[in-house]
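Here is a friendly briefing to read alongside the model. Please keep the sequence and the coordinates open as you go.

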Amino acid sequence: MSSAELQPKIDANRNLHVLSNYWSPDGNDSKNLMYAGETLVPQIQGRENVVILAYATNSRDTTSEATRKSLKSLGAKSVFATHNYPGEERKMIEDASAIYVTGGNAYDLVLNLEAAKNKDGELA
């Protein structure tokens with residue numbers, strides 16, 4: 001799918017939430033994202049194919065599993081982390097009903113997104 005084909009899908013489904021703190025302030029992993037539940041539940045509840053892009057972590061598995069549990073507790077029906085499906089990342093993102101990016105390393109995310117472009121500016 002080219003950028004031109006993807007843009008209408010993005011525009012029709014654009015809904016961005018930026019959270020500056022993922023972890024529960026008291027360190028209780030079972031409460032991750034709960035402080036933002038009021039905002040996230042209407043966007044997550046009942047959704048299939050919620051995709052996690054784990055960027056702000058040295059342990060993608062640990063962070064993704066904690067995030068998956070939190071999103072499920074907020075009502076997501078199915079949650080998948082892209083790093084668990086090598087080679088399928090682009091299709092997962094295209095088919096996602098919601099995308100959750102673990103925050104913090106925005107610089108790395110921007111570099112990776114920029115690296116995914118061809119010289120003509122189209123997504124690779």
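**Briefing: aromatic pair, sheet and salt bridges**

Tyr-85 counts as partly exposed, at 36% relative accessibility (buried means under 20% relative accessible area, exposed over 50%, partly exposed in between, with a 1.4 Å probe and protein chains only). This is a predicted model, in which local features need pLDDT of at least 70 and side-chain atom pairs count only at pLDDT 80 or more, while totals for chains, interfaces and linings use all residues. Residues are numbered from 1 along each chain as its sequence is written, and side-chain values use heavy atoms, with hydrogens and water left out.

**The aromatic pair**

- A search of the whole structure finds 1 aromatic pair (rings of Phe, Tyr and Trp, the last by its six-membered ring, pair if their centres lie within 6.5 Å; planes under 30 degrees apart count as stacked, over 60 as edge-to-face and the rest as tilted).
- Phe-80 and Tyr-85 form this pair, with 6.1 Å centre to centre and 80° between the planes, so the arrangement is edge-to-face.
- Phe-80 is also partly exposed, with a relative accessible area of 29%.

**Overall make-up**

- The protein has 5 helices and 3 strands (helices, H or I with at least four residues, and strands, E with at least two, are DSSP runs numbered from the N terminus).
- Starting at the N terminus, the elements run α-α-β-α-β-α-β-α.
- Of the protein's 124 residues, 27% count as buried.
- Among contacts with a separation of 6 or more, 70% join residues 24 or more positions apart (contact means heavy atoms within 4.5 Å).

**The sheet and the helix across it**

- The 3 strands form an open sheet with parallel pairing, in the order β2-β1-β3 (two strands pair if DSSP finds at least two bridges between them).
- β2 (79-81) and β3 (98-102) stand at the edges with a single partner strand each, so one side of each has no neighbour in the sheet.
- From one strand to the next, the twist averages 25° (axes are lines fitted to C-alpha atoms, for helices over the stretch in contact, and angles run from 0 to 180 degrees between N-to-C directions).
- Strand β1 (residues 50-54) pairs with β3 in the parallel sense over 5 bridges, and Leu-53 has Val-101 as its bridge partner in β3.
- Helix α3 (residues 60-73) lies across β1, β2 and β3, and runs at about 150° to β1.

**Salt bridges**

- How many salt bridges does a search of the whole structure find? The search finds 3 (a salt bridge is a side-chain nitrogen of Lys or Arg within 4 Å of a carboxyl oxygen of Asp or Glu).
- In helix α3, Glu-65 and Arg-68 lie 3 residues apart, about one turn of the helix, and their side chains meet at 2.8 Å, N to O.
- Glu-65 is partly exposed at 33% relative accessibility, and Arg-68 is partly exposed at 27%.
- Arg-90 and Glu-94 form a salt bridge at 3.1 Å, N to O; being 4 residues apart in helix α4 (residues 89-95), they are separated by about one helical turn.
- Arg-90 is partly exposed at 32% relative accessibility, whereas Glu-94 counts as buried at 16%.
- Asp-95 and Lys-91 meet in a salt bridge at 2.5 Å, N to O, and they too are 4 residues apart in helix α4.
- Asp-95 is partly exposed at 40% relative accessibility, and Lys-91 is partly exposed with a relative accessible area of 48%.
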